[in-house]
Amino acid sequence: MSRLLGLICLLVALPTFADAPKTFNAAKKIAWQLYAERPNTFYCDCAFNGNRVDLDSCGYKVRKQQRRAARLEWEHVVPAWVIGHQRQCWQNGGRKNCARNDATFKAAEADLHNVVPSVGEVNGDRSNYALGMLSDKPQHYGACPMVVNFKAKTAMPPEPARGPSARIYLYMADHYRLRLSTLDRRTYEAWNRQYPVSEWERWRNQKVGCVMGHGNPFVGPIDLSTCGTLKRGRAVTLR
């Protein structure tokens, strides 16, 4: 009887999302469920449990902010600042105004293809900087080879994250009609070619696609018929 009760409780607890998230806060709540199977941060590959990051699991060394480094945060690979600064709503009231009044910004901000788990300190240091190549050597975060050049306002992801980052950028640019500089587009197209799609990326694309209702075409196709309890959302048609 106790086993049956436990099974029923587990089935009730499983996510049954009928639609893609409408807000970033909703996206974060779903993200906890999606990454529960593989709870590792995007750039540094640190294990996390709940909102706590196991810094020892990845040899992470705190640069400056001990408390934030130990906290798991959800990061936009393409920063909300970048998305918003290409829309009029940002000029008329910043992110809050966009989140309230601009349908395209709200959809982009809540797009789970662009949301990844991150060490809080890395998320804060990366800020809204572009991702790109740097000549700097990793030095800030111990065994995590993330590089942030504060003067150049550029962050260079570790090699395993470059391909995934590039494909997220290219997807967001195409899906939401974001402008990329010539240099950025060349960099991301080069990373896309240089770093092939991994098994982890395909796994993530399928998981996220089940919720969003569509995959990232730069990663590859997904099979919505296998989504099970993660019912697909309605794909948003942007004009």
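Predicted model: local features only at pLDDT ≥ 70, side-chain atom pairs only at ≥ 80, totals over all residues.
Two strands count as paired here if DSSP finds at least two bridges between them, and the strands themselves (E, at least two residues), like the helices (H or I, at least four), are DSSP runs numbered from the N terminus. With that in hand, we can look at an open sheet of three strands, whose order is β5-β7-β6 and whose pairing is mixed. Its edge strands are β5 (130–131) and β6 (147–149), each of which pairs on one side only. Strand β5 is joined to β7 (residues 154–156) by two bridges, and these two strands run parallel; the bridge partner of A130 in β7 is T154.

Residues are numbered from 1 along each chain as its sequence is written, and side-chain values use heavy atoms, with hydrogens and water left out.

Let me turn to another pair of strands, β3 (residues 72–76) and β4, which run antiparallel and are joined by five bridges; here H76 has V115 as its bridge partner in β4. Is β4 mostly covered or mostly open? Strand β4 (residues 115–119) is mostly covered, with five of its five residues buried, where buried means under 20% relative accessible area, exposed means over 50%, and partly exposed lies in between, using a 1.4 Å probe and protein chains only. V115, P117 and V119 point one way from β4, V116 and S118 point the other way, and all are buried.

Next, the interior. In soluble globular proteins, nonpolar side chains tend to be buried together. A nonpolar core is a set of buried Ala, Val, Leu, Ile, Met, Phe, Trp, Tyr and Cys residues joined through side-chain atoms within 4.5 Å, and the largest one in this model has 58 residues, with Y43, Y60, L112 and M172 having the most contacts inside it. Helix α9 (residues 159–175) supplies the largest share of this core, eight residues. Leaving aside residues up to four places away in sequence, M172 touches several others, including V78, I83, A108 and L178.

Finally, the structure holds four disulfides, a disulfide being a pair of cysteine sulfur atoms within 2.5 Å. C44 and C144 form one of them, with sulfur atoms 2.1 Å apart, and this pair links distant parts of the chain, 100 residues apart, from the loop between α2 (24–34) and β1 (47–49) to the loop between β5 and β6. The C44 and C144 link is left-handed, with -65° about the S-S bond. Another disulfide joins C46 to C58, and its torsion of about 75° is why it is right-handed. Both C46 and C58 are buried. Numbered in sequence order, the bonded cysteines of the protein chain pair as 1-6, 2-3, 4-5 and 7-8.

How values were computed:
Contact = heavy atoms within 4.5 Å.
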